[in-house]
Amino acid sequence: MIFRKALVSLALGSTLLAAVGTLAPAAQAAPATSTAVAVPMDSCPCNPPAGIGWNYLDNYFWHSDCDAAGRRELNTGRFSEYQCTGGGVFSNYELWVR
């Protein structure tokens, strides 16, 4: 998991450095009304579980955090099932409940 964090940090750092280098000259020529919007990683649920009735709650970098949050939801009695889907080098784990 530490290796995954290092890869993500390296990839984002390289991308940001490249973007700063290419955007700096363009920013001088750009009109004052243009704005750049950063989209966070995993801003939408992309890995729904199979079946109907599942609701997306949140995403977590670590599977253990997703699992712990799912168990907390079960203990409150608000939901009867949970799943942690997705996860990988470039995506977080998504917590789905029903």
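Good morning. What you see above is a predicted model, in which local features need pLDDT of at least 70 and side-chain atom pairs count only at pLDDT 80 or more, while totals for chains, interfaces and linings use all residues. Residues are numbered from 1 along each chain as its sequence is written, and side-chain values use heavy atoms, with hydrogens and water left out.

Let me begin with the sheet. Helices (H or I, at least four residues) and strands (E, at least two) are DSSP runs, numbered from the N terminus. Two strands are taken as paired if DSSP finds at least two bridges between them. On that basis there is an open sheet of three strands, ordered E1-E3-E2, and its pairing is antiparallel. Strand E1 (55-60) and E2 are the edge strands with a single partner each, so one side of each has no neighbour in the sheet. Direction ignored, neighbouring strands are turned by 30 degrees against each other on average. Axes here are lines fitted to C-alpha atoms, for helices over the stretch in contact, and angles run from 0 to 180 degrees between N-to-C directions.

The antiparallel strands E1 and E3 are joined by five bridges. Across from aspartate 58 stands leucine 95 in E3. Helix H2 packs on this sheet and touches E1, E2 and E3, and its direction makes about 160 degrees with that of E2.

I now turn to the disulfide. A disulfide is a covalent bond between the sulfur atoms of two cysteines. In the model, the criterion is a pair of cysteine sulfur atoms within 2.5 Å, and the count comes to one. The partners are cysteine 66 and cysteine 84, with their sulfur atoms 2.2 Å apart. Which parts of the chain does the pair link? Cysteine 66 belongs to helix H2 and cysteine 84 to strand E2, and these distant parts are 18 residues apart. The torsion about the S-S bond of cysteine 66 and cysteine 84 is about -105 degrees, so this disulfide is left-handed.

Are cysteine 66 and cysteine 84 buried or exposed? Both cysteine 66 and cysteine 84 are buried. For accessibility, buried means under 20% relative accessible area, exposed means over 50%, and partly exposed lies in between (1.4 Å probe, protein chains only). Cysteine 46, at 47% relative accessibility, counts as partly exposed.

Aspartate 67 and arginine 71 are four residues apart in helix H2 (residues 63-76), a separation of about one helical turn. Aspartate 67 is partly exposed at 22% relative accessibility, and arginine 71 is partly exposed with a relative accessible area of 42%.

Another brings together the side chains of glutamate 73 and arginine 78, at 3.4 Å from N to O. Here glutamate 73 is buried, with a relative accessible area of 18%, whereas arginine 78 is exposed, at 58%.

There is also a salt bridge between glutamate 81 and arginine 98, whose closest N and O atoms are 3.0 Å apart. Glutamate 81 lies in the loop between H2 and strand E2 (82-86), and arginine 98 in the segment after strand E3 (93-97), so the pair ties together parts 17 residues apart in sequence. Glutamate 81 is partly exposed at 35% relative accessibility, and arginine 98 is partly exposed at 33%.

Let me stay with glutamate 81. What is glutamate 81 in contact with, leaving aside its neighbours within four places in sequence? The residues are Trp54, Leu74, Trp96, Val97 and Arg98. From C-alpha to C-alpha, glutamate 81 and valine 97 are 5.6 Å apart in space, although 16 residues apart in sequence.

Finally, the aromatic rings. Rings of Phe, Tyr and Trp (its six-membered ring) pair if their centres lie within 6.5 Å; planes under 30 degrees apart count as stacked, over 60 as edge-to-face and the rest as tilted. The count comes to two aromatic pairs. In one of them, phenylalanine 61 and tryptophan 62 have ring centres 5.1 Å apart and planes at 85 degrees, so the pair is edge-to-face. Phenylalanine 61 is partly exposed, with a relative accessible area of 21%, and tryptophan 62 is partly exposed at 22%.

Note on methods
A salt bridge is a side-chain nitrogen of Lys or Arg within 4 Å of a carboxyl oxygen of Asp or Glu. Contact means heavy atoms within 4.5 Å.
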